[in-house]
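Dear colleague,

I am handing over a structure that you have not worked with before, and I would be glad if you could look through it alongside the notes in this message.

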Amino acid sequence: MTDQESIRPKSWFRELVESVLPALVIVLVVNVFLAQATRVEGQSMEPNLHTDERLIIEKLSYRFGDPQRGDIVVLRPPHRTRVPLIKRVIGLPGDAVEIRDGAVFVNGELLDEPYLDQLTFGAMPVRVVPEEHVLVLGDNRRASNDSRAFGMVPYEDIVGKAWFRYWPLDQAGLVTDL
């Protein structure tokens with residue numbers, strides 16, 4: 001083997017490491033700390049989000065601030081199943097939330113929910129949201145596994161805020177507009 005032949009594999013390996021390794025590190029950092037892709041599963045957020053739509057969730061907002069009423073969030077499910085849940089923040093820490101007469105009331109006031117196309121199914125007695133928690137509901141109140149079933153969601157179980165829908169292409173756009 002000549003000296004040139006022994007150099008060639010090392011150069012190829014070095015080039016691979018120098019280009020692939022930084023790319024992998026960048027992808028890992030972005031996915032862990034900044035943003036990640038997710039898929040909508042189920043009907044709980046209809047009519048605004050549908051099964052198999054693809055979203056990018058951003059993870060930075062809640063490192064510097066708290067969730068806001070109306071935010072669409074991705075959260076770890078309460079029973080630690082693998083499928084993340086997508087819900088809308090309704091109640092913030094200290095809020096008294098009640099469901100009656102087909103509507104949601106926060107601190108005794110009717111909550112304006114222009115994103116809904118139906119009444120809120122069922123009733124829920126007044127529940128006060130504890131510190132560092134939120135109360136979440138799906139937009140499709142008739143078919144949603146949400147805080148009515150599993151209770152309040154601690155901040156640490158919020159993965160991120162839904163930010164951008166990228167699939168299907170004809171529906172692409174900011175999720176904040178929903």
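The notes below take up the pockets and then one of the sheets.

Please keep in mind as you read that this is a predicted model.

The largest pocket has a volume of about 330 Å³, and its lining is made up of 15 residues, among which Lys59, Arg76, Ile158, Val159 and Gly160 lie nearest the centre. Two or more residues of this lining come from each of the elements α2 (61-64), β3 (72-75) and β11 (158-167), with β11 giving the most, namely 3 residues. Sorted by class, the lining of the largest pocket holds 8 nonpolar, 3 polar and 4 charged residues.

The second largest pocket contains about 210 Å³ of space and is lined by 18 residues, of which Glu41, Ser44, Pro84, Leu85 and Lys87 are nearest its centre. Strand β4, which covers residues 85-91, gives the most to the lining of the second largest pocket, with 3 residues, and by class that lining divides into 8 nonpolar, 7 polar and 3 charged residues.

Turning to the sheet, you will find an open arrangement of 4 strands in the order β7-β6-β5-β8, paired in antiparallel fashion. Because β7 (109-110) and β8 (124-128) stand at the edges and each has a single partner strand, one side of each is left without a neighbour in the sheet. Strand β5, residues 96-100, is joined to β8 by 3 bridges, the two running antiparallel, and Ala96 stands opposite Val128 in β8.

With best wishes

Methods:
Residues numbered from 1 in each chain as written. Predicted model: local features only at pLDDT ≥ 70, side-chain atom pairs only at ≥ 80, totals over all residues. Heavy atoms only, no water. 1 Å grid on protein atoms, 1.4 Å probe; cavity = no way out; pocket = protein on both sides within 12 Å on 5 of 7 lines; lining within 4 Å. Points joined across faces, edges and corners; volume = space filled by probe spheres on them. Nonpolar A, V, L, I, M, F, W, Y, C, P; charged D, E, K, R; others polar. Pairing = 2+ DSSP bridges.
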